[in-house]
Amino acid sequence: MGPVNAAGATDADLIQRTAGGDRDAFELLYRRYARSVFGLALRRLGDRARAEDAVQETFASVWRSARSYRPDRGPGAPWLYAVARNAIVDRARGRQEPPTEVPDTPSAEAGPAERAESSWVSWRVHRALEELPEREREVIALAYWSGLSQSEVAEFLGIPLGTVKTRTRSALARLADVLEGEL
């Protein structure tokens, strides 16, 4: 493989090249996202050393698991964020006390009919998301599936907050058009 073109390479390209052992692609991913992952970890963990550990674990995991990334399931940034979130959660767990016994309570889980309906709706929404342009799909995935605020999405992707808001509005309008009458 030739050298990575920093300006033109998408996150998906870089993750796929990393999966093939391309250290330059991995380094570029690190440069794109290390600061954002650190900021997120610092806010969630409140401790610089543990936030730095979370960044290190995030990128070690990216290197190890890049082969699991599937571009047909969405853009690279939400996948990378999910890896980061797992590393941050692991660091947060490290300081928590062991869980106490949970009292017996009735299950609040949905029954088979509700689960089937929910699965169908989820499938339709995912199909509709595939029809969005990648940049819009990325902000929706980070906001709705990863639980980031619009400010966090902007920080994570390194784009202005206004751009995140515009892409979100546009994506939601497209989704409404695609799903109208189906759900």
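1. Let's start with a local pair. Arg 93 and Asp 90 form a salt bridge, with 3.1 Å between the closest N and O atoms. Both residues sit in helix α4 (residues 76–93), three residues apart, or about one turn of the helix. Keep in mind that this is a predicted model.

2. How accessible are these two? Arg 93 counts as exposed, at 51% relative accessibility, because the cut-off for exposed is over 50%. Asp 90 has a relative accessible area of 39% and is partly exposed.

3. Now for a pair that reaches further along the chain. Arg 43 and Glu 152 meet through their side chains in a salt bridge of 3.5 Å, N to O.

4. Is each partner buried or exposed? Glu 152 is buried, with a relative accessible area of 15%, whereas Arg 43 comes out as partly exposed at 45% relative accessibility.

5. Arg 43 also has a salt bridge with Glu 155, where the closest N and O atoms are 3.2 Å apart. Glu 155 lies in helix α7 and Arg 43 in helix α2, so this pair ties together parts that are 112 residues apart in sequence. As for Glu 155, its relative accessible area is 34%, which makes it partly exposed.

6. Which residues make up the salt-bridge network here? Arg 43, Arg 44, Glu 152 and Glu 155 are linked in it.

Note on methods:
Residues numbered from 1 in each chain as written. Predicted model: local features only at pLDDT ≥ 70, side-chain atom pairs only at ≥ 80, totals over all residues. Heavy atoms only, no water. Salt bridge = Lys/Arg side-chain N within 4 Å of Asp/Glu carboxyl O. Buried < 20%, exposed > 50% of the residue type's maximum accessible area, 1.4 Å probe, protein only. Helix = DSSP H or I, 4+ residues; strand = E, 2+ residues; numbered from the N terminus.
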